[in-house]
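The following report describes selected features of one protein model. Please consult the sequence and the structure alongside the text.

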Amino acid sequence: QLKQQAAEETKKLNSLKGKDFDREYASHEVAYHQAVLDAASKTLIPNAKNAELKSAIEGAAPLLQGHLQHAQQLQQSLGGS
């Protein structure tokens with residue numbers, strides 16, 4: 001499913017130029033990082049049986065949150081929502 005979504009997004013981005021490309025890219029990054037954070041907090045962390053794996057996912061969450069915030073700032077600077 002992820003490969004299909006990536007192919008679809010790549011096709012969409014390849015059809016865009018300039019500010020339209022920038023806005024679509026930023027929008028996709030916001031949605032992607034939010035989806036990863038949601039999956040980590042709602043599925044991966046609560047269901048992790050291995051303490052080391054759970055700790056690694058929990059440790060990555062702040063980094064992912066920082067990436068989301070940067071993507072949101074980029075999106076806002078491009079006039080996106």
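Ala 35 is partly exposed, with a relative accessible area of 43%. This value, like every other in the report, comes from a predicted model. Ala 35 belongs to helix 2, and its C-alpha atom is separated by 15 Å from that of Glu 9, a residue 26 places away along the chain.

Both residues occur in the lining of the largest pocket, which is formed by Leu 2, Gln 5, Ala 6, Glu 9, His 28, Ala 31, Tyr 32, Ala 35, Val 36 and Ala 39. Two or more lining residues come from each of helix 1 (2–14) and helix 2. The greatest contribution is that of helix 2, with six residues. The space in this pocket amounts to about 260 Å³.

Glu 24 is also placed in helix 2. Leaving aside residues up to four places away in sequence, Glu 24 touches Glu 9, Lys 12, Leu 13 and Leu 16. Glu 9 is therefore both a contact of Glu 24 and a lining residue of the largest pocket, while Glu 24 itself has a relative accessible area of 17% and counts as buried because this lies under 20%.

| Residue | Relative accessible area | Class |
|---|---|---|
| Glu 24 | 17% | buried |
| Ala 35 | 43% | partly exposed |

Attention now turns to helix 3. Helix 3 comprises 27 residues (51–77) and spans 40 Å from its first C-alpha to its last, close to the 39 Å expected at 1.5 Å a residue.

At the start of helix 3, Asn 50 places a side-chain oxygen within 2.8 Å of the backbone nitrogen of Glu 52. After the helix comes Gly 79, which has a positive phi near 85°.

Which residues of helix 3 are buried? They are Ile 57, Gly 66, Leu 68, Ala 71 and Gln 75. An α-helix has 3.6 residues a turn, so residues three or four places apart point the same way. The cover over the buried residues of helix 3 includes helix 2 (18–47).

Definitions and conventions. Residues are numbered from 1 along each chain as its sequence is written. This is a predicted model: local features need pLDDT of at least 70, side-chain atom pairs count only at pLDDT 80 or more; totals for chains, interfaces and linings use all residues. Side-chain values use heavy atoms; hydrogens and water are left out. Helices (H or I, at least four residues) and strands (E, at least two) are DSSP runs, numbered from the N terminus. The expected span of a helix is 1.5 Å times one less than its number of residues. Buried means under 20% relative accessible area, exposed over 50%, partly exposed in between (1.4 Å probe, protein chains only). Contact means heavy atoms within 4.5 Å. A polar contact is a pair of N or O atoms within 3.5 Å; within protein, one must be able to donate a hydrogen and the other to accept it, and residues adjacent in sequence count only if both atoms are side-chain atoms. On a 1 Å grid over the protein atoms alone, a cavity is a set of points where a 1.4 Å probe fits but cannot get out, and a pocket is an open set with protein on both sides within 12 Å along at least five of seven lines; lining residues have an atom within 4 Å of a point. Grid points are joined across faces, edges and corners, and a volume is the space filled by probe spheres set on the points.
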